[in-house]
Amino acid sequence: MHIEITWDYEADLIVVGSGAAGLTASIEARKQGMSVIVVESQPSFGGTSIICGGGIVIPNTPMQRRQGIVDSVDAMYNDMVSMTRTDNNPENLRVYCEQSERLWDWLEGQDVEFIDEPLVGVGAQSVPRIHYVNARKMCETLYGNACEAGAVFHFGVKGLQLIQEPVTKRVLGMRAEGTDGHSVWYRAHKAVVVATGGYSRNTQLLNQHIFGEGAENIACETAPGDDGSGLVMCMEAGADTRHLGYCSLYTQQHPDGDGSVGCAMYHVGAILVNRAGRRFVNEAQGFEGVWEDVMHQPDGICFSVWDGKIAQQQRGNSFRYHSQQKLEESGLLLKADSLAELAEAMGVSSFPLVASVCKYNQDLSEYGYDTVFGRHHLVAKVGTPVAIDEPPFYAWKTRSSILTTHGGIRKDTNCQAIDVLGHPIPGLFVAGGISGFCEMGIVPGTHRSVVASGPSLGGALALGRYAAERIAALDC
């Protein structure tokens, strides 16, 4: 059977989405000698990658070695596997870790600059291996490099439908909608790489697969293009899904803030209390782990509370969620000379807050850990809890907001999409948030997949590049 289509544009590779995965796929494709057209639904490049925190997990780097940190691909892989609760994907985890090691040299070769500062442990990492870049500057650099290499970008064009050969189901190209509302047809001689992110901006899918109802009332931190259109397009082409009902919310955004500054000081020693002034969770789970507990608190609101000692330690920290200076400059940070005065500023009863802090401090003094919620260490098991006892005292009002959806299109170790029968779909590859970037399994009884800080941006960068490399090697 033959399909008669008048194609408007043709290239070896059609990349859908211009975030980190799409940018690295386009650069690597040109390096492999393939012609590339990148189709982006938004007016500009970058997607959610350009507004993220810029953390990238990379093992065995020169920066680690300069700081005396011993690391390896195996160590990173073991860390990821150690977090698993159920239904992980060790084969894809191994590929992710191996490709992550290659990121340092590859990004440096693209003139991407890493922020040179002491590395800290985050998430599941047993050693500090999360490296930071200025995400906007990195995306601008990669976009410039892709254009210089010969990749062609079409902005304001939304992918609608993957075109398949009727018998073999090979993906031949894509139908999209242009800025004028008319169909635009793209022919892919080798493959289509869908790198459109997740579905955190699609309230219908969020309610269907995660929340049941109310998703429209939850704040979202991702870019407007994170609307699930690529996900739906792949599913309509027969692609299977994996962990579709799982997501991450970050507990760091102030309800009255504009998103330019957030606070996760509980990663570095603060405690979390609710509107009643009481602790309710083990803060060592980090912002990926506490969000469900936060959403169950009155009005979905909590406060980070810390003291002058922690504030002084973090005053020079440039990371946007741990920067005391940035929090003070925001005008939203509460400060008082006593816990009772802080409670008044927070609008909570002083007795529960003072009692919660006193119990926490007493536990640390007597036992060396928090006996109420079992906080033995800080996030990533790096650092130990400290008493909150030195004025001035600080509080940051916080809500949970959608950061990303974790589930997506099922893929094999080549980043090729898998159909519902377990077979690779010819000519269809996925990378980035659309494909569930970390593969570490799920937390039973929740809507949380097991995640570690850094694999989102790092996975998109590493696997976007890798997908293009595999397409060339497989001679698609």
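**Why these words? A chat about a predicted model**

Modeller: Let's start with alanine 395, which touches Ser304, Val305, Trp306, Leu333, Leu334, Leu342 and Met346, leaving aside residues up to four places away in sequence. Alanine 395 is part of strand E14. Bear in mind that this is a predicted model.

Colleague: Why does alanine 395 count as buried?

Modeller: Buried means under 20% relative accessible area. Alanine 395 has 0% relative accessibility, so it counts as buried.

Colleague: And how far is alanine 395 from valine 70 in sequence and in space?

Modeller: The two are 325 residues apart in sequence, and their C-alpha atoms are 37 Å apart.

Colleague: Back to E14, then. Which way do E10 and E14 run, and how many bridges join them?

Modeller: E10 and E14 (residues 393-405) run antiparallel, with 6 bridges between them. One example is glutamine 253, whose bridge partner in E14 is arginine 399.

Colleague: How are H4 and H14 placed, in terms of their axes?

Modeller: Helix H4 covers residues 90-101 and helix H14 covers residues 455-474; their axes come within 9 Å and cross at roughly 90°.

Colleague: Why is H4 called roughly perpendicular to H14?

Modeller: Angles of 65 to 115 degrees count as roughly perpendicular. The crossing is roughly 90°, so H4 is roughly perpendicular to H14. On the H4 side, the contact is made by Val95, Tyr96, Gln99 and Ser100. On the H14 side, the residues include Pro455, Ala462, Leu463, Arg465 and Glu469. Sorted by class, the contact has 6 nonpolar, 4 polar and 2 charged residues.

Colleague: Which residues touch the most other members of the largest nonpolar core?

Modeller: That core has 47 residues, and the ones touching the most other members are Leu13, Ile56, Leu107, Met138, Leu142 and Leu461. Elements supplying at least two residues each include strand E1 (9-16), helix H1 (20-31), helix H6 (135-149) and H14. The largest share, 9 residues, comes from H14. Take leucine 461: among the residues it touches are Ala20, Thr24, Ile56 and Leu103. Apart from this core lies another, of 41 residues, including Tyr266, Val268, Trp306 and Ala395.

Colleague: What makes the phi of histidine 243 worth a mention?

Modeller: Most residues other than glycine have a negative phi. Histidine 243 isn't glycine, yet its phi is positive, near 55°. You'll find histidine 243 in the loop between strand E9 (241-242) and E10. With a relative accessible area of 15%, histidine 243 is buried.

Colleague: And where is cysteine 415?

Modeller: In the loop between strand E15 (408-409) and strand E16 (416-418). Phi of cysteine 415 is positive too, near 70°. Is cysteine 415 buried or exposed? At 1% relative accessibility, cysteine 415 counts as buried.

Colleague: Last one: why is the peptide bond from proline 391 to proline 392 called cis?

Modeller: The omega of that bond is near 0°. Most peptide bonds are trans. Proline 392 sits in the loop between helix H13 (350-366) and E14, which brings us back to the strand that holds alanine 395.

Definitions and conventions:
Residues are numbered from 1 along each chain as its sequence is written. This is a predicted model: local features need pLDDT of at least 70, side-chain atom pairs count only at pLDDT 80 or more; totals for chains, interfaces and linings use all residues. Side-chain values use heavy atoms; hydrogens and water are left out. Axes are lines fitted to C-alpha atoms, for helices over the stretch in contact, and angles run from 0 to 180 degrees between N-to-C directions. Helices (H or I, at least four residues) and strands (E, at least two) are DSSP runs, numbered from the N terminus. Angles under 35 degrees count as roughly parallel, over 145 as roughly antiparallel, 65 to 115 as roughly perpendicular and the rest as oblique. Contact means heavy atoms within 4.5 Å. Ala, Val, Leu, Ile, Met, Phe, Trp, Tyr, Cys and Pro count as nonpolar, Asp, Glu, Lys and Arg as charged, and the others, Gly among them, as polar. A nonpolar core is a set of buried Ala, Val, Leu, Ile, Met, Phe, Trp, Tyr and Cys residues joined through side-chain atoms within 4.5 Å. Buried means under 20% relative accessible area, exposed over 50%, partly exposed in between (1.4 Å probe, protein chains only). Two strands pair if DSSP finds at least two bridges between them.
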